[in-house]
Amino acid sequence: MGNCFGSQADDESHNQRNKFVNPTSSVLFTPGTSRGYSNGGGMSISSSSADQSQVSSAASDVTVVNGEILPTPNLKVYNYSELRSATRNFKPDSILGVGGFGTVYKGWVDERTLAPSKPGSGMIVAIKKLNRESVQGFQEWQSEVKFLGRLSHPNLVRLFGYCWDDEELLLVYEFIPKGSLENHLFRRNAATEPLPWDVRLKIAIGAARGLAFLHSSEKKIIYRDFKASNILLDMNYNAKIADFGLAKLGPSGGESHVTTRIMGTYGYAAPEYVATGHLYVKSDVYGFGVVLLEILKGLRAMDSRRPPGQQNLVDWLKPLLANKRKLKLIMDARIEGQYSSKAAHLATQLTLRCLETEPKNRPSMKEVVEVLEQIQAIKGKPQQSKDASSRSSSNRDGRSVGNRHQPSHYRAGVGAQR
């Protein structure tokens with residue numbers, strides 16, 4: 001999940017491990033109840049809790065950005081023995097990734113019923129198993145169920161179900177075969193081609209649509225940990241946002257922000273949040289701006305191995321974004337010749353707006369989506385250098401993008417390294 005890099009007054013309760021807050025109710029219940037209140041078809045307890053009513057009030061926007069917000073989570077409840085069987089007893093060769101939350105395993109379920117199936121048959125899923133010692137992970141596990149269990153959108157990873165059996169806490173997600181954007185964007189392997197411009201733009205648009213969906217409801221959801229490792233890619237490079245462990249309900253009652261302890265990832269968190277603990281809906285927009293800059297440049301937001309003055313990508317490149325003559329310094333040299341100068345300039349201008357110091361000056365994610373789609377529609381002639389033209393000719397071997405990019409391991413959201 002996110003890395004804690006500060007301390008502020010925390011408005012989030014710290015629940016004991018021997019109790020569990022039902023995401024659809026304010027009532028505390030004990031471990032055995034998780035198997036007693038549902039037959040595996042999903043949560044069905046009615047509730048009048050504040051969080052329930054706040055998210056449910058948004059359910060009227062069911063068609064917003066081709067997504068849906070459910071009044072209650074629709075999740076399958078598994079027991080530990082079922083998931084142990086589905087993963088071949090959590091064998092090491094089933095591991096997809098390891099992160100701060102715990103370990104992610106490959107498992108199998110029936111495509112129709114989602115019931116655990118014999119390994120090797122049915123549908124592959126990603127099963128995230130919480131480290132027993134992780135107090136923060138327990139809270140984030142609850143947040144995943146509370147938020148992702150109610151959200152349905154093409155650009156959000158789907159959560160199928162969960163398990164809480166004594167001390168064992170697990171989550172069952174759809175399996176996203178190509179891993180994270182981070183895994184593809186920052187590899188420096190001579191045997192692999194860099195992500196092309198059109199694919200990068202497609203990924204940015206998909207991720208922006210996912211955030212726009214979260215922000216579009218009456219009771220806005222603030223994602224709070226937007227970064228390249230939390231954007232997963234399916235076989236067609238469609239982006240899916242994963243890892244809702246730090247998500248928060250947005251401000252209510254006319255307030256502009258919520259105040260919470262500072263958690264997130266260095267280099268991506270908005271400056272107002274780091275400085276004050278004040279979290280705005282447009283704090284997510286700043287994080288998107290950082291990722292968009294990574295997509296344009298092909299470098300990580302933070303890298304101590306870079307020369308002094310270049311280790312923080314935003315500090316280094318933000319002063320250049322307003323100058324059209326600096327495009328060559330901003331853009332990834334590996335994709336030179338794949339985009340028009342007009343498209344690149346519009347992308348840098350959008351990035352600059354997302355990175356505005358004042359939250360109110362940043363665009364909404366809806367506007368970000370619109371601008372990215374305009375950039376995608378630009379059909380102008382790409383700026384192509386002689387070297388880029390030569391590289392392009394040598395690479396005309398008929399290979400598709402999908403054949404060139406295979407993930408080295410499965411990360412973000414369902415096993416991201418922190």
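1. How are H8 and H12 oriented to each other, roughly parallel or roughly antiparallel? In this predicted model, the axes of helix H8 (residues 283-297) and helix H12 (residues 365-377) come within 11 Å and cross at roughly 25°. Angles under 35 degrees count as roughly parallel, and H8 and H12 are therefore roughly parallel to each other. Their crossing is right-handed.

2. Looking at the side of H8 that faces H12, one finds that Val285, Phe288 and Leu292 of H8 meet Met365, Val368 and Leu372 of H12. The residues of this contact comprise six nonpolar ones, with no polar and no charged residues among them.

3. H8 also packs against helix H11 (residues 341-354), at an angle of about 150° and with the two axes 8 Å apart, and here the crossing is left-handed. From H8, the residues Val285, Tyr286, Phe288, Gly289, Leu292, Leu293 and Leu296 take part, and they meet Ala347, Thr348, Leu350, Thr351 and Cys354 of H11. This contact divides into nine nonpolar and three polar residues, with no charged ones.

4. A further point concerns the cavities, of which the structure holds two of 30 Å³ or more. The largest cavity has a volume of about 100 Å³ and is lined by 13 residues, with Arg224, Asp225, Tyr268, Ala269 and Ser283 lying nearest its centre.

5. The lining as a whole divides into six nonpolar, four polar and three charged residues, whereas the contacts of H8 with H12 and with H11 contain no charged residues.

Terms used:
Residues numbered from 1 in each chain as written. Predicted model: local features only at pLDDT ≥ 70, side-chain atom pairs only at ≥ 80, totals over all residues. Heavy atoms only, no water. Axes fitted to C-alpha atoms, helices over the stretch in contact; angles between N-to-C directions. Helix = DSSP H or I, 4+ residues; strand = E, 2+ residues; numbered from the N terminus. Parallel < 35°, antiparallel > 145°, perpendicular 65-115°, else oblique. Left-handed = near helix turned anticlockwise from the far one by under 90°. Contact = heavy atoms within 4.5 Å. Nonpolar A, V, L, I, M, F, W, Y, C, P; charged D, E, K, R; others polar. 1 Å grid on protein atoms, 1.4 Å probe; cavity = no way out; pocket = protein on both sides within 12 Å on 5 of 7 lines; lining within 4 Å. Points joined across faces, edges and corners; volume = space filled by probe spheres on them.
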